[in-house]
Each structure stands twice: as structure tokens, then as C-alpha cells.
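Trainee: I have a model open and would like to learn how to read it. Can we take it feature by feature?

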Amino acid sequence: MLDVQEPKSKKPADTAFKQQRLPAWQPILTARNVMPIFFAVAAAFIPIGIGLLYLTNLVQEFTLDYTHCKSIDYPHDSCAEIINGNRNLSCNCSISFKLEEDFSPNVYMYYGLTNYYQNHRRYVKSRDDFQLLGKLSKTPSSDCAPFDYHNNKPIAPCGAIANSLFSDKLSLKYNDKPVPLLRTQIAWESDKSIKYHNPEHSKGNLKEAFKDFEKPINWRVNIWELDKENEFNNGFENEDLIVWMRTAALPDFRKLYRRIDHSNDFKNGLPRGNYELVIDYNYPVTGFGGTKSLILSNTSFTGGRNSFLGYAYIVVGCCCFLLGLMFLILHIKYKPSANTGDISIVSPSTSYQ
């Protein structure tokens, strides 16, 4: 005879956990025990918000829009018009401006772009992270298309982000004296040490390492010529490239371009007075209704000038205060009886077999 096994029981084991006999703590939310929480949040958030606004108001900032600056060679035409007519042309222009107050160190130089949607999904994906790690391959990632091949050679770095690298060259003069600018330590240290590496086999000779690869279509220089003053700031480890590759979340954004060198004549910051912005104008933005600007700014403990966080703390704190006040009124008006508790200990005895 065949042994017939009895079907395995689907009943849960007879334990306190599986039979739901464990003691349970169940808070009963009432106006009396909720309103202190709201008052505590308000008492914490409102002073923090006021402090953040105070710190951000200490930040000095100057913005200069140079989108339509006039060409030095053709004074009747703007550089934007010249570049839009022929993308391969270069245009030089300059704009004089005045700082009304002394800028205390450390002063940073940013470029700002508007109406530029770096957060577009296809744009954000258009890169090859393995390639940027220095692992060059003759077959770039499919995400880079159509910026993956040029002249039947793979592009390095490939993708739309790298292809659209900001290419304007900006410099400052103070009373006709050049302001020294630093091109390094502008990128996140984590990006430079983890995400971006030059090919291991380059051994300092980037030209040889990239000989089988094409530069991005819109670039005017090769990847080993991005910084002609510092040979260690080239290739995938170029900090201008690293800064640009970290895409912005909003259509109007700024990116760190240079640091003011405060070691010599400008050790006390940027003095008030007359300045000149000299621009090698290469980057077109008027075709999509965008603008370009120079931003000079120092920072505070909370970073650059941004009032949003301070106002957000104050608004949340005020809302919590109003809610706490509302619950206080409800508690006074509908005060519970003395026998009503706020917390109950539930010990269910029902067993589910």
C-alpha cells in the first residue's frame, strides 16, 4: 500500500507573535498631547529660519549679464549674433562694471545660464560612466547616441552632456590689472577621486592615450588641451568638465567657474572699484532663449546666497504655531473628563487558529 501523507497544516504556529498575543502600545492622539509637539517644532524652526536668513544676507553677490555684449572687432554686432551666424567663429568682447563695496574673501566666480534644461531625461542619460572612469572602449555606451561616433571613431568623452560643455573663456581686470584666477579645487572632491579618472595606460601622455578617439563634435580643443597651464588638469580629470557633467536640477542654474587667488594682491578680497570682464565668446544660448551671466560671490556657513531655506523654516514654524494654537483652543473648549486617558495598553487575547 502507498503511504498517503496528510496535507501540511496552514495554521500559524501557536506562539504569542504569530497569534497576535503580544502586548501593544497604542497612543491616542488628543489635542492635549499633540499641541506641545507643534509648539516645540515652532520654537525650533522659527529661530533657525531667522538665523539662516541672517547668514544668507551676509553673503555678497554681484551679477552681470553678458549675453548680448558687443564684439570688439565689429562694434555694431553682438557676439551672440556673430556666433549664431557661424558656430565655428569666435568672438571677443568686454564689459566694464563697478563693484560698489569691498568683497571679503573667499570670492568665487560663477557662470550662470537660464532656460537651459539640463534635467531632461535623455540629456541626463547621455553619458558613459565606465568611459569616464578611464576604461576606454571602442564601443561607447548606447546612451551616448548620437554623440558616440564621429569620423568613424568613438568619441571620448561621449554623450550630449560632454558635447555641450560650457566653452566661454572669462577673465577679470581691476583697473587694467589682471585678477588672478584659480582653475582647480572647483569640483567636488568625491567626483574627482571616484567618478573621473584618466586612462591608466596613459602614463601622463594623454595625447597617445586618446589617439584612437575623436573629441566631442562641438569642442574646439582636444581633451588633453583643456587646461594648457596645468597638465594635471586635463583629460577626464579636468575640473571644468567634472563641474559641467554634474547636471543641474532646474533650468536656471549657476556653476562654479574659478576661484579668486587671494594669496597676493587680492588677499583681502576684491576691493570696490572699476572692473572689466573680458570674454572669449564661444557658447551660443540665444537660439533657445537663454542668457549667460557672470556671478561674483562669497559664501557663508550655509553656502551661497539663497533665502529659500530660511523662509521655508519660518513658514513651517509659523504653521506649526498656528496648529498648536488651534489645538490649545480646542483643548480648552472641549476639555476631556478626568477619567479619559491619553495612552492605553492593549493586550489582545484573541487567538487566530
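**Reading the model, feature by feature**

Mentor: Start with one residue. His120 sits in the loop between strand 4 (108-113) and helix 3 (121-125). Keep in mind that this is a predicted model.

Trainee: Is His120 buried, partly exposed or exposed?

Mentor: Look at the relative accessible area. His120 has 47%, so His120 is partly exposed.

Trainee: How far apart are His120 and Ala249, in sequence and in space?

Mentor: Read both distances. In sequence, His120 and Ala249 are 129 residues apart. In space, their C-alpha atoms are 9.1 Å apart.

Trainee: Which peptide bonds are cis?

Mentor: One joins Ala145 and Pro146, with omega about 5°. Pro146 lies in the loop between helix 4 (129-132) and strand 5 (149-150). Another runs from Ala156 to Pro157, with omega near -5°. Pro157 is in the loop between strand 6 (153-154) and helix 5 (160-163).

Trainee: And what is the phi of Asn152?

Mentor: Positive, about 65°, although Asn152 is not a glycine. Asn152 is in the loop between strand 5 and strand 6. Its relative accessible area is 78%, so Asn152 is exposed.

Gln185 is another case, with a positive phi of about 60°. Gln185 belongs to the loop between strand 9 (181-182) and helix 6 (189-195). At 60% relative accessible area, Gln185 is exposed.

Trainee: Next, helices. How do I check the length of helix 9?

Mentor: Compare the expected span with the distance between the end C-alpha atoms. Helix 9 covers residues 308-333, which is 26 residues. At 1.5 Å a residue, helix 9 should span 38 Å. The end C-alpha atoms are 37 Å apart, which agrees.

Trainee: What does the check give for helix 1?

Mentor: Agreement. Its 27 residues should span 39 Å, and the end C-alpha atoms are 38 Å apart.

Trainee: How do I read which way residues point on a helix?

Mentor: An α-helix has 3.6 residues a turn, so residues three or four places apart point the same way. Then list the buried residues. In helix 9 they are Gly310, Ile314, Gly317, Cys320, Gly324 and His331. In helix 1 they are Ala31, Val34, Met35, Ala42, Gly49, Leu52, Leu53 and Thr56.

Trainee: How should I think about a core?

Mentor: In soluble globular proteins, nonpolar side chains tend to be buried together. Here the largest nonpolar core has 65 residues. Those with the most contacts inside this core are Phe97, Leu113, Leu172, Trp244, Leu270, Leu277 and Tyr281.

Trainee: What does Phe97 touch, leaving aside its neighbours within four places in sequence?

Mentor: Its contacts are Phe62, Leu64, Leu172, Gly273, Asn274, Tyr275, Glu276, Leu277, Leu294 and Leu296.

Trainee: Last, pockets. What is the volume of the largest pocket, and which residues lie nearest its centre?

Mentor: Read volume, then lining, then class. The volume is about 600 Å³. The lining has 31 residues, and Phe166, Ser167, Asp168, Lys169 and Val221 lie nearest the centre. Helix 8 and strand 10 (253-260) each give two or more residues to this lining. Strand 10 gives the most, with 3 residues. By class, the lining has 13 nonpolar, 6 polar and 12 charged residues.

Trainee: How many residues line the second largest pocket?

Mentor: 17, with Trp188, Arg246, Arg254, Lys255 and Leu256 nearest its centre. About 480 Å³ of space lies in this pocket. Strand 10 supplies the largest share of its lining, 4 residues. The classes are 11 nonpolar, 1 polar and 5 charged residues.

Trainee: Where is Asp240, and is Asp240 buried or exposed?

Mentor: Asp240 is in helix 8 (residues 239-245). Buried means under 20% relative accessible area. Asp240 has 14%, so Asp240 is buried. Leaving aside neighbours within four places in sequence, Asp240 contacts Leu165, Arg183, Ile186, Tyr257 and Arg258.

Definitions and conventions. Residues numbered from 1 in each chain as written. Predicted model: local features only at pLDDT ≥ 70, side-chain atom pairs only at ≥ 80, totals over all residues. Heavy atoms only, no water. Buried < 20%, exposed > 50% of the residue type's maximum accessible area, 1.4 Å probe, protein only. Contact = heavy atoms within 4.5 Å. 1 Å grid on protein atoms, 1.4 Å probe; cavity = no way out; pocket = protein on both sides within 12 Å on 5 of 7 lines; lining within 4 Å. Points joined across faces, edges and corners; volume = space filled by probe spheres on them. Nonpolar A, V, L, I, M, F, W, Y, C, P; charged D, E, K, R; others polar. Expected span 1.5 Å × (residues − 1). Core = buried A, V, L, I, M, F, W, Y, C linked by side-chain atoms within 4.5 Å.
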